[in-house]
Amino acid sequence: MYTTDQYEGMIAETVAMHGADGERVLAYCARPLGTGPFPGIVLIHHMPGWDEWYREATRRFAHHGYVAISPNLYERFGHGSPEDVAAAVRADGGVPDDQAVADLDASMRYLRALPYVNGKVGVFGTCSGGRHAVLAASRVDGFDAVVDCWGGGVVMPTDQLTLQRPVAPIDYTADLNCPVLGLFGAEDHSPTVDDVAVHEEALTKHGKEFEFHMYEGAGHGFFYYHRPSYRQAQAVDGWDKIWAFLGQKLSS
Amino acid sequence: MCTMLMKKVPVEGFGRGSDGWFDMKQANVSWDHPFHAPEEHALNIDFVNESYGPGARVAVELSVEGARQLAETIQSVLSEAEDRGLI
């Protein structure tokens, strides 16, 4: 429980690591001051880019006692305003899945190498980041929990597969080795309620541990307080579910 | 990229970006999440010159109706200009 008399401190800064193919990837890292050990969390930014909301979310996780890192998955598209860079990525159909998974693997290993991380690392993502979270946890060993917030494109019809996204993440479900928390809006167009049901069915079929919540009155991106999609009650409840889930799965 | 509804078209012209006028080479047209328009999806057009980096961009985010009217109006104006021998 958060109390007014507790000591609190945080450090948050841009760091660099070696991502896919050894290339430099910048990341934003925030952690509580102290020796810990703290659980780790990789935050995967959404389609609109490595932006201010993700900086804030990274610090929010640190405030809640996590060593949090958010890599710039758009690093290879150059630098500029998050919107300009994200627009260039949008024009190219997104970053290649293999590259994103390798960058997220590197982020997880970055956290695991830190002396104040407790050996547990989760992954959190929203929008395209939710999809990347499911994908990375399915293809890489070393994640202990997944939080998928409205990740569209986990379920993909064959005609939507591309060179960048050649395999639907749901097709890797058998390889997923950690529990999943999924938060979705019933009015979302991607993923739809039916998409989420298909994902649930696959997780059940393969005997995976998961907890999905479908929020009525919410659509895509209901955590984003700077957008009309924000839904206060659903967002508050969603964050509470995240803290409860990760608190249970990532404690040492 | 969430919808994967995107097309690129070569466009010769000039646009005024954050650093002033630049020569555009391409328009990227998508139906996807906008950055500013208060909707889940919008018809987004980015006029760009990729050789200048991601900042060389003139962006619009249009409603469905606005996009259709714009497309029709462009065709209409060009047709009238042709009819009057101006093209």
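A residue counts as buried here if 20 or more other C-beta atoms lie within 10 Å of its own. The model shown is predicted.

**View 1. Helix H2 of chain A is mostly covered.** Ten of the ten residues of H2(A) are buried. They are Pro82(A), Glu83(A), Asp84(A), Val85(A), Ala86(A), Ala87(A), Ala88(A), Val89(A), Arg90(A) and Ala91(A). These buried residues pack against four strands of chain B: E1 (5-17), E2 (20-32), E3 (42-48) and E4 (57-62). Gly93(A) follows H2(A) and has a positive phi, near 80°.

**View 2. Chain A touches chain B.** The contact involves 28 residues of chain A and 19 residues of chain B. Helix H2 (residues 82-91) of chain A gives the largest share of chain A's side, eight residues. By class, that side has ten nonpolar, 15 polar and three charged residues.

**View 3. Eight strands of chain A form an open sheet.** The strand order is E1-E2-E4-E3-E5-E6-E7-E8, and the pairing is mixed. Strands E1 (10-18) and E8 (210-215) of chain A stand at the edges. Each has a single partner strand, so one side of each is left without a neighbour in the sheet. From one strand to the next, the twist averages 20°.

**View 4. Strands E2 and E4 of chain A run antiparallel.** Four bridges join E2 (residues 24-32) to E4 (residues 67-71) in chain A. Ala27(A) has Pro71(A) as its bridge partner in E4(A).

**View 5. Strands E1 and E2 of chain A form a hairpin.** Nine bridges join E1(A) to E2(A), and the two strands run antiparallel. One bridge pairs His18(A) with Arg24(A) in E2(A). Five residues lie between the strands. Asp21(A), in the turn, has a positive phi of about 60°. Of the nine residues of E1(A), the number buried is zero, so this strand lies largely in the open.

Technical notes:
Residues numbered from 1 in each chain as written. Chains lettered and ligands numbered in written order. Predicted model: local features only at pLDDT ≥ 70, side-chain atom pairs only at ≥ 80, totals over all residues. Contact = placed C-beta atoms within 7 Å. Nonpolar A, V, L, I, M, F, W, Y, C, P; charged D, E, K, R; others polar. Pairing = 2+ DSSP bridges. Axes fitted to C-alpha atoms, helices over the stretch in contact; angles between N-to-C directions. Buried ≥ 20, exposed ≤ 12 C-beta atoms within 10 Å, placed from the backbone.
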